Amino acid sequence: MASAKDAQKSEGKVEEEGGNPKFLNLVVLLAVAWTFYTMNTPSLDIQEEARVPVYTQDDLKNYDGKSDGPGLLLAVWGRVFNVTSGSNFYAPGQGYEVFAGHECTFAFATASTKAKDLGRTLETLTDKQISHLNQTYWETYVAKYPIVGRLDDSPFDPTDYDKYAGPWRRVRLTSAGGADERPKKASKRQSRCPVTRAAKAIGNAIVSLVPKQLAPPSWSEDESKSEEL
């Protein structure tokens with residue numbers, strides 16, 4: 001018959017081989033909690049998207065230099081740019097005043113300064129005109145002026161041109177020159193607690209098994225360079 005001492009040794013061997021059940025249960029619970037937190041906490045990109053102001057074409061009309069709105073705004077490819085620093089081009093009485101306060105994508109693509117070409121759809125544009133528009137967008141507007149918002153009622157679907165300007169639904173506020181103005185994400189201090197570290201590791205492993213459609217996407221726009229129309 002096995003003695004009590006033998007039973008204790010046997011239990012100790014089980015714990016050594018299988019681990020402490022209470023500890024493992026705690027790790028599993030923490031992993032589940034961590035997974036729930038990471039799946040339900042908005043990513044930095046989603047938070048950034050939420051703070052990007054949304055304009056309509058009627059809103060833009062208040063920023064033509066003639067109305068009450070402060071500054072000069074225009075839109076291209078669904079992005080709203082503050083071109084106040086280029087008032088020598090866009091202010092009333094200047095050569096490009098027609099653009100201030102308007103959606104200008106078609107006009108920029110066709111190098112037109114006619115009011116009839118503002119706020120137009122893009123179906124009739126040629127590949128060459130799209131290429132010209134792409135160059136103008138990057139070399140003039142992204143390079144010189146800050147993005148201050150997103151146009152909500154473009155006369156075309158901006159997402160059709162994401163391959164040129166980047167995802168419209170992920171528009172970010174920028175400073176002149178295209179520098180990203182997102183708040184910098186503070187570096188996280190690594191926990192020394194083995195339970196916390198184990199929970200995070202298990203949580204990350206579980207998240208990796210979730211279909212990618214359910215995970216928050218990540219995308220960073222190209223910082224390209226591109227002349228005033």
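Predicted model: local features only at pLDDT ≥ 70, side-chain atom pairs only at ≥ 80, totals over all residues.
Residues are numbered from 1 along each chain as its sequence is written. Local features need pLDDT of at least 70, side-chain atom pairs count only at pLDDT 80 or more, totals for chains, interfaces and linings use all residues, and side-chain values use heavy atoms, with hydrogens and water left out.

The strands form an open sheet of four, in the order E1-E4-E3-E2 and with mixed pairing. Helices (H or I, at least four residues) and strands (E, at least two) are DSSP runs numbered from the N terminus, and two strands pair if DSSP finds at least two bridges between them. Strand E1 (54–55) and E2 are the edge strands, each pairing on one side only.

Strand E2 (residues 73–76) is covered on both faces, with Leu-73 and Ala-75 buried on one side and Leu-74 and Val-76 buried on the other; buried means under 20% relative accessible area, exposed over 50% and partly exposed in between (1.4 Å probe, protein chains only). In a regular strand the side chains alternate between the two faces of the sheet. E2 runs antiparallel to strand E3 (residues 79–82), to which four bridges join it. Leu-74 has Phe-81 of E3 as its bridge partner. The two strands E2 and E3 form a hairpin with two residues between them, and Trp-77 in the turn has a positive phi of about 50°.

E3 also pairs with strand E4 (residues 147–151), in the antiparallel sense and over three bridges. In E4, Arg-150 is the bridge partner of Arg-79, and Gly-149 is that of Val-80. Helix H7 (residues 127–144) lies across E2, E3 and E4 and runs at about 40° to E3. Here contact means heavy atoms within 4.5 Å; axes are lines fitted to C-alpha atoms, for helices over the stretch in contact, and angles run from 0 to 180 degrees between N-to-C directions.

The structure contains 16 aromatic pairs. Rings of Phe, Tyr and Trp (its six-membered ring) pair if their centres lie within 6.5 Å, and planes under 30 degrees apart count as stacked, over 60 as edge-to-face and the rest as tilted. Tyr-55 and Tyr-63 are edge-to-face, because their ring centres are 6.2 Å apart and their planes stand at 85°. Tyr-55 counts as buried, at 14% relative accessibility. The rings of Tyr-96 and Phe-99 are tilted, because the planes are at 40°, with the centres 5.7 Å apart. Phe-99 is buried, its relative accessible area being 0%.

Two arginines lie over ring faces: Arg-120 over Phe-106, at 4.0 Å from the ring centre, and Arg-150 over Trp-168, at 5.3 Å. A charge sits over a ring if NZ of Lys or CZ of Arg is within 6 Å of the ring centre and within 35 degrees of the ring normal.
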